[in-house]
Amino acid sequence: MIIALFLFTAFDYSINTNLNFTYDDNIFEYSSKYLEEFVNRINPERFPFETYDDLYTNYQFGILIRNKFIGKHTTTFNLNVNGYNYLTNQQKDYLIISTGIRQSFGQLAMKFEYLIIPDYLIRYYRDPLGTEYIGCTFAEHLFTLKTNMKLNLLEFGAVLGLEIDDYIKNFDVYDSKAIRLGPNIVLSLLRTVQFGIGYELKSSGAKGPTPDISYLQHKIGINTSFKTGVPKFSEMVLAYQLKYRIFTTEVSPILDTPHSGREDITHKFTTTYEFPIFTNLFISFDYGYEFRYSSSEVYPDIGDYKNYDKWMAGCGLEFKY
């Protein structure tokens, strides 16, 4: 109790928490072929779920604690908890926890962050160690070093990260380590408009040997936010993300047909509108559309199994203090 009292009196802090409700019309990112099989109960062992769509609740809590340990430069500690709970398909529930420390040096700042997803279900796959279909789940650890510099209206940043994905024993051939790096730029105009663009190169190496899900990925993100003033202090964000993934397995196409010579292109469009309803309390509405196109030099029908599209719509409340 004394320590908690000391922290809240000797340090500056801020709290952010929100609660969102979202409908997702394809939570497992099934292709049209798989959706048809799901509806007609073909290969039901592959789809042990009540629905392929669902309504989920996303709750977030974040706290920032600041003080000046190095001269007049601010040191910031953060803790964030982000949970997803599905109404019908509860085995899809997952949690994201992250913590970090950021040190400012005037116009330059650096941050180290650690993020963990303890347990995430992709979907059900055939058990490599048996004949039945079981849930393919993994835990993710992400270590990230970020730096940014602000020069007048421009803010330049760079990110370097190490991602470790640890799958359950039955799927340990999927265990992967990845390096993620890239720059980003944010331009602020007239205090009402921000334009940001970022690029990330991700190189992921899997344990393998068969199947081998190793890949090289290029990701580009573009977003624009502007204060509409209707009502006052409201903000709209438009965002687009492109992922271009090239699978790099050297395993023979005969042994690893689904990954050999395969390329995935994923597009995601989102829009969010947020405005205050009381002091420090905001309401938001959002919509997103995402689709993936897969192609393969050795497996012309790969799209029947890997192509998908989905849309999401939701609303939420956010409290800022």
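The charged end of Lys 320 sits over the ring of Phe 282, 4.4 Å from its centre. A charge counts as sitting over a ring if NZ of Lys or CZ of Arg is within 6 Å of the ring centre and within 35 degrees of the ring normal. Arg 245 has its charged end over the ring of Tyr 215, at 3.8 Å from the centre.

The model is predicted, so local features need pLDDT of at least 70 and side-chain atom pairs count only at pLDDT 80 or more, while totals for chains, interfaces and linings use all residues. Residues are numbered from 1 along each chain as its sequence is written, and side-chain values use heavy atoms, with hydrogens and water left out.

Consider the whole chain next. The protein chain has 3 helices and 14 strands; helices (H or I, at least four residues) and strands (E, at least two) are DSSP runs, numbered from the N terminus. The radius of gyration of the protein chain is 22 Å, close to the 20 Å that the globule rule gives for 321 residues, so the chain is as compact as a globular protein of that length. This radius is taken over C-alpha atoms, and the globule rule is 2.2 Å times the number of residues to the power 0.38. Along its principal axes, the C-alpha trace spans about 60 × 45 × 40 Å.

Of the 321 residues, 36% count as buried. Buried means under 20% relative accessible area, exposed over 50%, and partly exposed in between (1.4 Å probe, protein chains only). In the protein chain, 56% of the contacts with a separation of 6 or more are between residues 24 or more positions apart, where contact means heavy atoms within 4.5 Å.

Aromatic rings can be followed through the fold. A pair of aromatic rings is described by the distance of the centres and the angle of the planes. Rings of Phe, Tyr and Trp (its six-membered ring) pair if their centres lie within 6.5 Å; planes under 30 degrees apart count as stacked, over 60 as edge-to-face and the rest as tilted. A search of the whole structure finds 29 aromatic pairs. In one of them, the ring centres of Tyr 94 and Tyr 120 are 4.8 Å apart and the planes are at 80 degrees, so the pair is edge-to-face. This pair links distant parts of the chain, with Tyr 94 in strand S4 (residues 94-105) and Tyr 120 in strand S5 (residues 108-126), 26 residues apart. Tyr 94 counts as buried at 16% relative accessibility, whereas Tyr 120 is partly exposed at 23%. Tyr 167 and Tyr 174 form another edge-to-face pair, 5.4 Å centre to centre with 75 degrees between the planes, and both residues are buried. One aromatic cluster includes Phe 28, Tyr 30, Tyr 124 and Tyr 305.

Other contacts of Tyr 94, not counting residues up to four places away in sequence, include Asn 82, Tyr 86 and Ile 117. Tyr 174 in turn is touched by Pro 211, which also touches Val 173, Asp 256 and His 259, by that way of counting. Pro 211 is found in the loop between strand S9 (193-206) and strand S10 (215-227).

Cysteines come last. A disulfide is a pair of cysteine sulfur atoms within 2.5 Å, and by this rule the count comes to 0 disulfides. Cys 136 is buried, with a relative accessible area of 0%, while Cys 315 is partly exposed, at 32%.
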